[in-house]
Each structure stands twice: as C-alpha cells, then as structure tokens.
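Subject: Structure for you to look through

Hello,

Here is the structure for you to keep. Please open it first and then read the notes that follow.

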Amino acid sequence: MKNALIIIDMLNDFVDGVLANKDAYEIIPRIKSLLEHARKSEDWVVVYSNDAHKDGDREIKLWGAHAVVGTAGAEVVSDLSPQKSGRELISPKSFYGAFEETGLAEKLKAKGIKNVYLTGQHTNCCVRHTAYGAFRHDFEIFVPKDAVVSFGGESNDDALNYLKTIYGAIITDVQEILAGKS
C-alpha cells in the first residue's frame, strides 16, 4: 500500500447536526467515489479521522458539545460508512488534526503509505491541521478541491491556496485521482 484516503470529520454532527455545514452534502458523492476506488485497490488504505470528544475537551469548551463519543452525532454519515477491513482504520481525534496524539503517522508508515489524500471537513481548520501533521511526518499531500469544504463563510479557495503554499499540497480533483493522474 502506498496511498491513504483520509476522510476527515464526515460525521452526522458536522453534516446535519449541531455544527451542520450545508455544503458538506455536495462533497459526499465525490468522497464516496474516492472511497469506492480505494476499496478496489490493494495500493490504498482508508482512514476515518473523526472527532471523538469527551466532556472537558478543549474543543467542547470552544464549540459546544459535538461529536461526543457514543452518540449518533459522532458517527460517520451513512453514505460513507466504514467497513470492517484491515485496510480501513478509524482514527478518533480530540484535536483538529488527524495526526495530533493519534499514532496515525506510525500506523500509516507501518503500512508503507507515502501519499495522503485529504478529504472532508473543514478545509480551513481540520483539513489544514491534518495537512500540517502530514507535512511534519513527510507524507506527500494531495487535496481534491472538490472533496473538501470550509465552514463559517470562509473561502475554500483561500484555504486550498494556503495548503499549497505552506505545505506543498498538490491541489487536484476527484476525476484526476480516479484517472490515475494524481
């Protein structure tokens, strides 16, 4: 395996729950296409990087209760549900970035992963912090611009430009990935 599809915070609470992002509905079919592609190839692993909060977490203090462990809001939306497979990992996180105190970098390196493809929410926050972690751990970063969304009225294009400029992320799209061009 050399590629990891990282699906970030495509959770009920972030799609239509307490911190709903109406734009998230637009990216679900695109992420689903990438997910189906990854599941068909031995060269891919899928990572669900999910907020999984407990009472007292810093994010709860800042954003209110969301994605609380054991609640329906903390579950991945049904269209993208994980499958039980050695190539699909659920990686709970208490902070914005997928690599922050999760052991994810070590798990991916043990599987021979070189490239990470970041999808999901929110380009200007959790995707950004995940890109930082991937950069720190020397992964090649790809971001399909049509499979990520920002929130809070922030510009998705500005967030993508930041990822490209600061972390050297390769900004691509779902069709290029499916065609093997990225």
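A salt bridge is a side-chain nitrogen of Lys or Arg within 4 Å of a carboxyl oxygen of Asp or Glu. Please keep in mind that the model is predicted.

**Salt bridges**

The structure holds 5 salt bridges. One of them joins Lys-93 and Asp-9, with 2.9 Å between the closest N and O atoms. This pair links distant parts of the chain: Lys-93 belongs to strand 3, while Asp-9 sits in the loop between strand 1 and helix 1 (12-15), 84 residues apart. Both Lys-93 and Asp-9 are buried.

Another salt bridge is formed by Asp-51 and Lys-93, and here the closest N and O atoms are 2.6 Å apart. Again the pair links distant parts of the chain, with Asp-51 in strand 2 (residues 44-51) and Lys-93 in strand 3, 42 residues apart. Asp-51 is buried, and so is Lys-93. Through shared partners, these salt bridges join Asp-9, Asp-51 and Lys-93 into one network.

Lys-22 and Asp-23 also form a salt bridge, their closest N and O atoms being 3.5 Å apart. Lys-22 counts as exposed because its relative accessibility is 67%. Asp-23 counts as partly exposed because its relative accessibility is 28%.

**Cysteines**

How many disulfides does the structure hold? It holds 0. Cys-125 is in no disulfide, and the nearest cysteine sulfur, that of Cys-126, is 4.2 Å away. Cys-125 counts as buried because its relative accessibility is 10%. Cys-126 is at 3% relative accessibility and therefore counts as buried.

**Strand 4 and its partners**

Strand 4 (115-121) is mostly covered, since 7 of its 7 residues are buried. Strand 4 pairs with strand 1 in the parallel sense over 6 bridges. Within that pairing, Ile-8 has Gly-120 of strand 4 as its bridge partner.

Strand 4 also pairs with strand 5 in the parallel sense, over 3 bridges. Here Asn-115 stands opposite Glu-140 in strand 5. Over 2 bridges, strand 4 pairs with strand 6 in the parallel sense. The bridge partner of Gly-120 in strand 6 is Val-148. When you follow the side chains along a strand, remember that in a regular strand they alternate between the two faces of the sheet.

**Helix 5**

Strand 4, helix 5 and strand 5 make a right-handed β-α-β unit. Which residues are buried in helix 5 (residues 126-136)? They are Cys-126, Val-127, Thr-130, Ala-131, Gly-133 and Ala-134. These residues lie on the same side of helix 5 because they cover an arc of only 160° around the axis.

What covers the buried residues of helix 5? The cover includes strand 1 (3-8), strand 3 (88-93), strand 4 (115-121) and strand 5 (140-144). It also includes strand 6 (148-149) and helix 6 (156-167). After helix 5 comes Asp-138, which has a positive phi, near 65°.

**His-122**

Where does His-122 lie? His-122 is found in the loop between strand 4 and helix 5. Is His-122 buried or exposed? At 5% relative accessibility, His-122 counts as buried, because buried means under 20%.

Leaving aside neighbours within four places in sequence, the contacts of His-122 are Phe-14, Asn-21, Val-127, Arg-128, Val-149, Ser-150 and Phe-151. Of these, Val-127 is also one of the buried residues of helix 5. Lys-84 and His-122 are 38 residues apart in sequence, and their C-alpha atoms are 26 Å apart in space.

After that, strand 4 can be followed through its pairings with strand 1, strand 5 and strand 6.

Regards

Conventions: Residues are numbered from 1 along each chain as its sequence is written. This is a predicted model: local features need pLDDT of at least 70, side-chain atom pairs count only at pLDDT 80 or more; totals for chains, interfaces and linings use all residues. Side-chain values use heavy atoms; hydrogens and water are left out. Buried means under 20% relative accessible area, exposed over 50%, partly exposed in between (1.4 Å probe, protein chains only). Helices (H or I, at least four residues) and strands (E, at least two) are DSSP runs, numbered from the N terminus. The arc is that of the directions from the helix axis to the C-beta atoms. Contact means heavy atoms within 4.5 Å. A disulfide is a pair of cysteine sulfur atoms within 2.5 Å. Two strands pair if DSSP finds at least two bridges between them. A crossover is right-handed if, with the strands pointing away from the viewer, the path from the first strand over the helix to the second runs clockwise.
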